[in-house]
Number of protein chains: 2
Amino acid sequence: MILRDVGEKRIVEMITSKFSILMDDCAAIDEGDEYLLITTDMVYEKTHFPAEATSYQKGWYAVAVNLSDIASEGGKPFALNVAIGMPRNYEIDMLDELLDGIYDCASLYNVDVVGGDTKETDFLTISITVLGRVGKDRIMRRKGAKTGDALFVTGTVGKGAALKMNDMEKLMLVKPRVNEGIEISKYGVTSCMDLSDGLASSLHQLAEINNVGFRVYADLLPFDEIAISSGDETEYALYHGGDFELLFTVPPEVGKQIRRAVDAKRIGEVVEKEKGIKLILNGEEMEIENRGYEHFVS
Amino acid sequence: MILRDVGEKRIVEMITSKFSILMDDCAAIDEGDEYLLITTDMVYEKTHFPAEATSYQKGWYAVAVNLSDIASEGGKPFALNVAIGMPRNYEIDMLDELLDGIYDCASLYNVDVVGGDTKETDFLTISITVLGRVGKDRIMRRKGAKTGDALFVTGTVGKGAALKMNDMEKLMLVKPRVNEGIEISKYGVTSCMDLSDGLASSLHQLAEINNVGFRVYADLLPFDEIAISSGDETEYALYHGGDFELLFTVPPEVGKQIRRAVDAKRIGEVVEKEKGIKLILNGEEMEIENRGYEHFVS
């Protein structure tokens, strides 16, 4: 049997069960009053980067997607290291631009680039690891959502439409919600994850971990302007990657505080598992399907 | 200009200067009384693994080379995470074996596998990051060797001959010198690095950082039995990778304590830079060349 036969989700399950890892955005290592957070994302030329993206944008993106994982746990990132695989005919100037992108994104979030590795590979491969810290009383995990909780999302959704609209800056220069994550972690968030695989996929993952369902109201979704101009905003918001926003649940009584503290909107609520995962559109209930980008099969 | 025109060493210089990184085996993050050590090594199917190597051996190797970097600073490793890129036609059973190799090597050194990432790539690519800790008074860096110091190496040298002799177990199931690193760090080691690129390359790197030269006595080199049986022990010991031993310098008066504490041998001494980097063989002085495996050009 080969990987394509089982798909990314079952492969991840196989790995997490072998190592007894919690399925979450970061690993959290107990350090007394705090957790040391560690996360790694590997990005690969052929699957992650459109041909039009610049080297600077690729470097930025590789850092940003990792910072987003730290953000989703309420962590403050402080250090990263980077392993870069490149072909031997890679241009020095492109490497220089790539490093600038890495440096600028890290600097914007006060993260030190502390070390790394370079190897020869056939296609550009960037594996970044970010370290962060979060207080034990503040950490936000995927597990914890309860029926009756309000469902929130930061920023806007549907930014994956930037691929169709060929807006590389919007697509690649991702702004991870680090400050928002730290801020909302003060208000008793019950579960949180980032939207990297699309809203639908994230909802299904949260539903499974928490044994709950969701109701999402289409007219509350904060569609990004690029999603609206694409004419396909619901499809992009639900089923495409590209939004590195935080999706989280809170007890309904803190909703007002959340909205005052950060740019986040209530888009629905947590319901009983039996009610499923539904989108309410023009007064009608529609199933939110469990699809999004999946490695090895997509 | 492309990467092949400049080679790995100049690329690493370019990256370390851009990020103001110290050129060392690990990054060390100040945590009060201790340093948090972090290191990453990316290994790639086509450049790192002989066709005969098993998946189990590849997983083990990918962990071991990282632990060796922690060992060379005197650190105690405690956690790792792993990003794996694999083609979609990769066999599930091979992944399972690979994970076993990762798990077994980590477990032998009491290191927890805490998290990871999987992506689809064209060739197997494993990027592992290991965290460790070391007391501030114990850390061993590359810089610090002084003229008159004794030069030591742990274990045996020339194990890269295992490739020629087709001994995959010996080549791949590397035993990083974690306990030895912790032990020798008690005795005022002045500089240390691991031998991953071969003894000659490591000596040249230590010489440059410390502005010194070295004299190495061929009849003191602890050749591995596989190097001897290959008939080319000096070549393998000096100019091939495959020995993940610790190369270190200490004030000559602690030599006896070092030999009692760990399996390490004095192989030479630190001399003035002007005297160069020499091998003493049958009473004659020979230049130790600055060559070994270099990515992008080899």
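**Reading the model, step by step**

Author: Let's start with one residue: Leu195(B) is buried, because 28 other C-beta atoms lie within 10 Å. The cut-offs, with C-beta atoms placed from the backbone, are 20 or more other C-beta atoms within 10 Å for buried, 12 or fewer for exposed, and partly exposed in between. Please note that this is a predicted model, in which local features need pLDDT of at least 70 and side-chain atom pairs count only at pLDDT 80 or more, while totals for chains, interfaces and linings use all residues. Residues are numbered from 1 along each chain as its sequence is written, and chains are lettered from A in the order in which they are written.

Reader: Where is Leu195(B) found, and which residues is Leu195(B) in contact with, leaving aside its neighbours within four places in sequence?

Author: Two residues are in contact if their C-beta atoms, placed from the backbone, lie within 7 Å. Leu195(B) sits in the loop between strand S7 (191–194) and helix H8 (199–210) of chain B. Beyond those neighbours, its contacts are Ser202(B), Asp243(B), Phe244(B), Glu245(B) and Leu247(B).

Reader: How are helices and strands defined, and why does the length of H8 in chain A agree with what it should span?

Author: They are DSSP runs numbered from the N terminus: H or I of at least four residues for helices, E of at least two for strands. The expected span is 1.5 Å times one less than the number of residues. H8(A), residues 199–210, has twelve residues and should therefore span 16 Å, and its end C-alpha atoms are 16 Å apart.

Reader: Which domains does chain A have, and how many residues are in contact between them?

Author: Domain bounds come from an automatic or database assignment, which gives domain 1 (3–135) and domain 2 (150–287) for chain A. In chain A, 20 residues of domain 1 are in contact with 19 of domain 2. Helix H3(A) supplies the largest share of the domain 1 side, ten residues.

Reader: And how many residues are in contact between chains A and B?

Author: 51 residues of chain A are in contact with 51 residues of chain B.
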